[in-house]
Amino acid sequence: MERNYENSNYHICLISKFDMQCTSTFLFQCKNRPHLRGEYNVYSTFQSHEPEFDYLKSLEIEEKINKIRWLPQQNSAHFLLSTNDKTIKLWKISERDKRAEGYNLKDEDGRLRDPFRITSLRVPVLMPMDLMVEASPRRVFANAHTYHINSISVNSDHQTYLSADDLRINLWHLEITDRSFNIVDIKPANMEELTEVITAAECQPNQCNVFVYSSSKGTIRLCDMRAAALCDRHTKFFEEPEDPSSRSFFSEIISSISDVKFSHSGRYMMTRDYLSVKVWDLNMENRPVETYQVHEYLRSKLCSLYENDCIFDKFECCWNGSDSAIMTGSYNNFFRMFDRNTRKDITLEASRESSKPRGTLKPRKVSTGGKRKKDEISVDSLDFNKKILHTAWHPKENVIAVAATNNLYIFQDKIN
């Protein structure tokens, strides 16, 4: 899920939502008067990817969508990048509310007229029509990744973007589809020597030459494209030493980073592993400056989570507009919000029962043992099939969006 916001005479909010099991992209729009809030309606829906088959490798490419990223808006149209496991597409979403009428060489129904029957010259005119939202593919970037694409990130120069798979990161120009530049390659000569894979990659929001990528070992590498053409040698290396007393069979699995996000200021970056969210200062590599436990109560459940494969779930995280708060998802349709200034946190639930229009969300608490209070839910009662993996936060207002299975929930602060 990715959001894009535009300011004009009306407050317009476009949120794109996708399901990992389907290829349809849904755009939701909020359009109302300034300083007031309205409801979100479906703006457009279009099919992003079709099922493919790689005949050379006898490999079926699923029709799912892995990531969506909006491009900065330059005109009245919106542009976004969407990717499945192998192919990236650039889409243009535009509106049309007028049509041309009065052609000389064809009738209004589109049929060509007999040139010998044309006795006068007409000037075509634009006539109003019902609003039509069109989504058209403008570029297709394919055949550059051997492994599954897990990240795409638009650069701050608004001309390039990077795409990452398990072992390589490529740099693309938005106008060039037939070639890309490989900037990171961690594939060993002997695949038996492979010890880690790339899990996420992100461009720095203010410097187009800087990017970071995370690994399954819980490490983050910051690279500068000015230093070398191939960024196999990182500029900075971020890693928190593991406490030997807490090491277990699951340590390496739960330390794998599923998402990395730069703050809007570019001073900090945030990483999400299975149990926690960490905030790193780019000037300090040896340990994070802040650590927030998302669902520490699941540490005793790691064995069962490993058996049902939930331990491999990839949760995303996001910043608010001022970088003062962060948000990430959890199980049972819970999502967690952390205030960096007060160090307070809150657990909320996205569900149809608790998310009535104009209603107020009540904080939820999980009981880890002993006597359970009335409003608490037992850790043994959590539904691990209900999970919030994708979250987004408005860059200027307290409006958030979370995706729970096939439902998109949008929440905003209370209006007095």
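Glu50 lies in the loop that links strand 4 (40–47) to strand 5 (52–54). Strands here are DSSP runs of E with at least two residues, helices are runs of H or I with at least four, and both are numbered from the N terminus. The model is predicted: local features need pLDDT of at least 70, side-chain atom pairs count only at pLDDT 80 or more, and totals for chains, interfaces and linings use all residues. Residues are numbered from 1 along each chain as its sequence is written, and side-chain values use heavy atoms, without hydrogens and water.

Glu50 has 47% relative accessibility, so this residue counts as partly exposed. The class lies between buried (under 20% relative accessible area) and exposed (over 50%), with a 1.4 Å probe and protein chains only.

Pro72 sits in the loop between strand 7 (67–70) and strand 8 (78–83). Its relative accessible area is 33%, so Pro72 is also partly exposed. Beyond residues up to four places away in sequence, Pro72 touches Val154 and His158. Contact means heavy atoms within 4.5 Å. Pro72 and His158 are 86 residues apart along the chain, yet their C-alpha atoms are separated by 7.1 Å.

The protein chain holds two helices and 31 strands. Of its 416 residues, 47% count as buried.
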